[in-house]
Amino acid sequence: MANHNIEEQVGIPWGIAFTVSWSGLKRRFMRSLITMAGVILAIAFLAYMLISDKIVVALVAAKDDELNDLLQKSNVDIFASSGTDSMMLLLIGLSLLTCLVGIINSMLMAVTERVKEIGTLKCLGALDSFIVKTYFIESSLQGVIGTITGIILGLAVAVGIALINYGTYTFSYLPLNGIVISMLIALVIGSGISVFAAIGPAYLAARKQPVEAMRVEE
Amino acid sequence: MSDFIITAKDVTKVYVMGEEEVHALRGISMNVKRGEYVSIMGPSGSGKSTFFNMIGGLDTPTAGEVTMEGYKLSELNNRQLAWVRCHKIGFIFQGFNLIPAMTALENVAISRIFAGVAPDQARRDAAAVLEKVGLGHRLDHLPSEVSGGQQQRIAIARALVNRPAIILADEPTGNLDLKTGQEIINLLNEMKRELDITIISATHDMKMLSASDTVAWIKDGAIERLASKGEFEIEVGSIDGQTVV
């Protein structure tokens with residue numbers, strides 16, 4: 001009867017999905033910025049705590065009398081091995097948790113807002129996998145960009161405060177290795193949280209049906 | 001049999017809402033010939049939209065069968081249905097449904113990309129179709145930067161870019177003024193003749209009647225009246241006199 005067969009739709013490669021997500025992200029820049037703000041603040045806090053701890057430890061290790069005076073003036077216990085106590089760890093943990101919930105929340109909102117868009121894409125032939133990819137990339141990108149910005153901000157604040165408290169000693173004993181390691185830790189934690197937060201909303205988005213495209217907003 | 005691109009046989013849809021059964025469709029049978037322009041008319045709540053969605057494979061009947069080019073839609077898996085939507089059907093919506101974050105060109109090209117075409121070629125194809133619907137000068141505009149009529153033209157270009165056999169248009173003139181609506185109907189008709197496509201349109205726009213080969217009136221989930229050109233033309237004349245200036 002029919003002179004051709006119905007085929008199975010082929011998936012879209014990650015590279016193309018990335019291009020689609022990236023250009024969408026740029027055009028919704030203000031919206032993305034709000035999502036990113038949460039990540040930036042949480043990661044800046046984490047990076048600040050890690051880096052300033054490294055700086056203080058390096059300054060204490062210098063065993064300079066004049067510097068020890070300055071350290072004690074800023075309430076540093078020069079006999080302790082590290083300034084980070086369990087209270088600080090708790091605070092960092094809480095801020096990261098808030099960041100995780102924030103990303104999930106804003107991505108869920110993005111899915112709800114764009115239900116019709118998802119339905120339309122499916123009417124055009126998009127497979128679930130394409131929807132998963134684009135939402136996953138969008139959320140992860142926001143998280144990773146936010147993380148990098150947060151790390152730079154945290155570094156700037158940590159060095160800035162050290163400069164105020166300890167003046168040029170900061171640069172004399174700047175623990176470059178420790179700072180780089182701290183930044184990498186923050187990068188791994190921030191990106192990890194963002195990517196993890198992206199999974200749920202992406203799958204939720206893919207479950208939306210093509211018939212949603214027909215919805216008329218009253 | 002092979003003359004018909006779409007056949008609907010005893011299509012029934014029952015929604016169960018709590019204890020109550022709602023009969024949205026009560027056994028609709030209808031055949032659509034290749035190259036035909038069919039309008040489905042009916043008030044909201046008539047089952048018109050439900051039937052329309054079944055033809056596009058967006059909804060499945062409780063009983064009965066819809067076939068497209070001889071294939072039963074209910075027997076297709078999700079990937080095959082996506083392939084049908086991509087290659088066989090071009091959707092046009094009342095609210096245009098363009099992706100707000102994509103330019104006119106990207107909105108059309110994405111449809112081509114879903115068909116497996118490389119991005120560069122997709123953009124060239126998209127530009128060619130946009131040119132054809134008269135929007136060659138609006139390629140890089142976002143939907144929010146063009147008028148409603150132009151948005152619907154972008155949507156038509158998007159629906160046509162994969163050379164579908166069928167255009168499914170859901171109230172395509174519903175959000176447009178009389179003149180722009182008429183222009184959209186003319187464009188659809190022009191494309192239908194040029195590309196030999198079948199158009200099925202859900203509408204309550206009387207202007208669309210004069211363009212149609214067949215009109216099906218749906219009421220309470222059943223076809224109340226089925227008329228082909230000639231049978232309803234006189235009627236249209238009188239309606240035209242009242243509504244169209």
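Two strands are taken to pair if DSSP finds at least two bridges between them, and in chain B Ala216(B) stands opposite Leu226(B) in S10(B). Strands (E, at least two residues) and helices (H or I, at least four) are DSSP runs numbered from the N terminus. This is a predicted model, in which local features need pLDDT of at least 70 and side-chain atom pairs count only at pLDDT 80 or more, while totals for chains, interfaces and linings use all residues. Residues are numbered from 1 along each chain as its sequence is written, and chains are lettered from A in the order in which they are written.

**Sheet of chain B**
- S9 (residues 214–219) of chain B runs antiparallel to S10(B), and six bridges join them.

**Helix pair of chain A**
- The axes (lines fitted to C-alpha atoms over the stretch in contact, with angles from 0 to 180 degrees between N-to-C directions) of H2 (residues 29–61) and H8 (residues 176–207) of chain A come within 9 Å and cross at roughly 155°.
- That crossing makes H2(A) roughly antiparallel to H8(A), a term for angles over 145 degrees.

**Contact between the chains**
- With contact defined as C-beta atoms, placed from the backbone, within 7 Å, 25 residues of chain A touch 32 residues of chain B.
- On the side of chain A that touches chain B, the largest share, four residues, comes from H5(A).

Definitions and conventions
Angles under 35 degrees count as roughly parallel, over 145 as roughly antiparallel, 65 to 115 as roughly perpendicular and the rest as oblique. Two residues are in contact if their C-beta atoms, placed from the backbone, lie within 7 Å.
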